[in-house]
Amino acid sequence: QVHLVESGGGLVQPGGSLRLSCAASGSIFSIYTMGWHRQAPGKQRELVARVISSDKTTYSDSVKGRFTCSRDNAKNTVYLQMNNLKPEDTAVYFCNAFIASTADGVLGDYWGQGTQVTVSS
């Protein structure tokens, strides 16, 4: 069993910053990717950023240059530093990870419970 626990959401004014954290725990043998998706009211869930390896991170076009996704492998934790936030960034942010629980390498797709980010004046 693997659990992802997010923290760091909240209310911020346009132009402000927030930092989200997501820690993975439980039966973890190896982690392939960790990242973030978001879902705004009435919209589909979309990928925000994902760390695949130490030198490869992908971002959606809407957050490039403003958000930074990083991973601490020793802590099984992924972060999302969000700067210059805009009202359109308002959404529930979900942590997502592909994790192998045993040496056979079979990956499970795990999700956190979500944390609300609201950007408003």
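The chain exposes about 6300 Å², and carbon and sulfur atoms supply 48% of that area; accessible areas here come from the Shrake-Rupley method with a 1.4 Å probe, and for residues only the protein chains shown count as cover. Before I go on, please keep in mind that this is a predicted model, in which local features need pLDDT of at least 70 and side-chain atom pairs count only at pLDDT 80 or more, while totals for chains, interfaces and linings use all residues. Residues are numbered from 1 along each chain as its sequence is written, and side-chain values use heavy atoms, with hydrogens and water left out.

On overall form, the C-alpha trace spans about 50 × 25 × 25 Å along its principal axes. The radius of gyration is 14 Å, which agrees with the value near 14 Å that a compact globule of 121 residues would have; that radius is taken over C-alpha atoms, and the globule rule is 2.2 Å times the number of residues to the power 0.38. Of the 121 residues, 39% count as buried, where buried means under 20% relative accessible area, exposed means over 50%, and partly exposed lies in between, with a 1.4 Å probe and protein chains only.

The secondary structure comes to 0 helices and 11 strands, both being DSSP runs numbered from the N terminus, with at least four residues of H or I for a helix and at least two of E for a strand.

Let me turn to one pair of strands. E9, residues 91–100, and E10, residues 107–111, pair in the antiparallel sense over 5 bridges, and two strands pair if DSSP finds at least two bridges between them. Alanine 100 stands opposite leucine 107 in E10. The two strands form a hairpin with 6 residues between them, and glycine 105 in the turn has a positive phi of about 80 degrees.

Now to glutamate 6, which sits in strand E1, residues 2–7. Is this residue buried or exposed? Glutamate 6 counts as buried, because its relative accessibility is 6%. Leaving aside neighbours within four places in sequence, its contacts, meaning heavy atoms within 4.5 Å, include Cys22, Trp36, Tyr93 and Gly114. A polar atom of the glutamate 6 side chain lies 2.6 Å from the backbone nitrogen of cysteine 95, and the backbone nitrogen of glutamine 113 lies 3.1 Å from a polar atom of that side chain. Finally, glutamate 6 and glutamine 116 are 110 residues apart in sequence, yet 10 Å apart in space, C-alpha to C-alpha.

Key
Polar contact = N/O pair within 3.5 Å; in protein donor to acceptor, adjacent residues only side chain to side chain.
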